[in-house]
Amino acid sequence: QVQLVESGGGLVQAGGSLRLSCAASGIIVSINAMGWYRQAPGKQRELVATITRGGSTNYGDSVKGRFTISRDNAKNTVYLQMNSLKPEDTYVYYCNTNVTVRGGYQLTYWGQGTQVTVSS
């Protein structure tokens, strides 16, 4: 079993910054891609950013230039630095990871979600 624990969400004014963290723990052979997605009530979950084990990144169009994803492989943790936040960035943010567990199986896990609210 793999657990993802997210932290760092909250309320911030437009133009401000927040940093999200997501730490993975459990019986993990290796962590492959890690990422962040976001979802509003009644809407589909959308990509925010992903990062491979080697550090290659991919961003959703709406956050390019404002958000930065990074990871610490030694700590099994992924971060999302969010700058120049806008009210339209108000979502529940979910951490996502693809891991290899014993037996060579690759599994995908989601965090519990953390609320980010940007006031105008």
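From the N terminus on, the elements of the predicted protein model run β-β-β-β-β-β-β-β-β-β-β, with zero helices and 11 strands in the protein. Helices (H or I, at least four residues) and strands (E, at least two) are DSSP runs numbered from the N terminus. The radius of gyration is 14 Å, close to the 14 Å that the globule rule gives for 120 residues, so the protein is as compact as a globular protein of that length. This radius is taken over C-alpha atoms, and the globule rule is 2.2 Å times the number of residues to the power 0.38. Along the principal axes, the C-alpha atoms fill a box of roughly 50 × 25 × 20 Å.

The model is predicted, and local features need pLDDT of at least 70, side-chain atom pairs count only at pLDDT 80 or more, and totals for chains, interfaces and linings use all residues. Residues are numbered from 1 along each chain as its sequence is written, and side-chain values use heavy atoms, with hydrogens and water left out.

Buried residues make up 42% of the 120 residues, where buried means under 20% relative accessible area, exposed over 50% and partly exposed in between (1.4 Å probe, protein chains only). Of the contacts (heavy atoms within 4.5 Å) with a separation of 6 or more, 54% are accounted for by residues 24 or more positions apart.

The structure holds one disulfide, defined as a pair of cysteine sulfur atoms within 2.5 Å. The disulfide is formed by C22 and C95, with their sulfur atoms 2.1 Å apart. The link of C22 and C95 is left-handed, with -80° about the S-S bond. C22 lies in strand β3 (residues 18–26) and C95 in strand β9 (residues 91–100), so the pair ties together parts that are 73 residues apart in sequence. C22 is buried, at a relative accessible area of 0%, and C95 likewise counts as buried at 0%.

Two aromatic pairs are present. Rings of Phe, Tyr and Trp (its six-membered ring) pair if their centres lie within 6.5 Å; planes under 30 degrees apart count as stacked, over 60 as edge-to-face and the rest as tilted. Y37 and W110 form an edge-to-face pair, at 5.2 Å centre to centre and 65° between the planes. Y37 is placed in strand β4 (residues 30–39) and W110 in strand β10 (residues 106–110), so this pair ties together parts that are 73 residues apart in sequence. Y37 is partly exposed at 21% relative accessibility, and W110 is partly exposed at 39%. Y91 and Y93 form an edge-to-face pair, at 6.3 Å centre to centre and 90° between the planes. Y91 counts as buried at 15% relative accessibility, and Y93 counts as buried at 0%.

The ring of W110 also has the charged end of R45 over it, 4.5 Å from its centre. The charged end of R19 sits over the ring of Y79, 4.1 Å from the ring centre. A charge sits over a ring if NZ of Lys or CZ of Arg is within 6 Å of the ring centre and within 35 degrees of the ring normal.

T114 is located in strand β11 (residues 114–119) and is buried, with a relative accessible area of 11%. Not counting residues up to four places away in sequence, T114 touches E6, G9, L20, Y91, V92 and Y93. The side chain of T114 reaches the backbone nitrogen of G9 at 3.4 Å.

Key:
A polar contact is a pair of N or O atoms within 3.5 Å; within protein, one must be able to donate a hydrogen and the other to accept it, and residues adjacent in sequence count only if both atoms are side-chain atoms.
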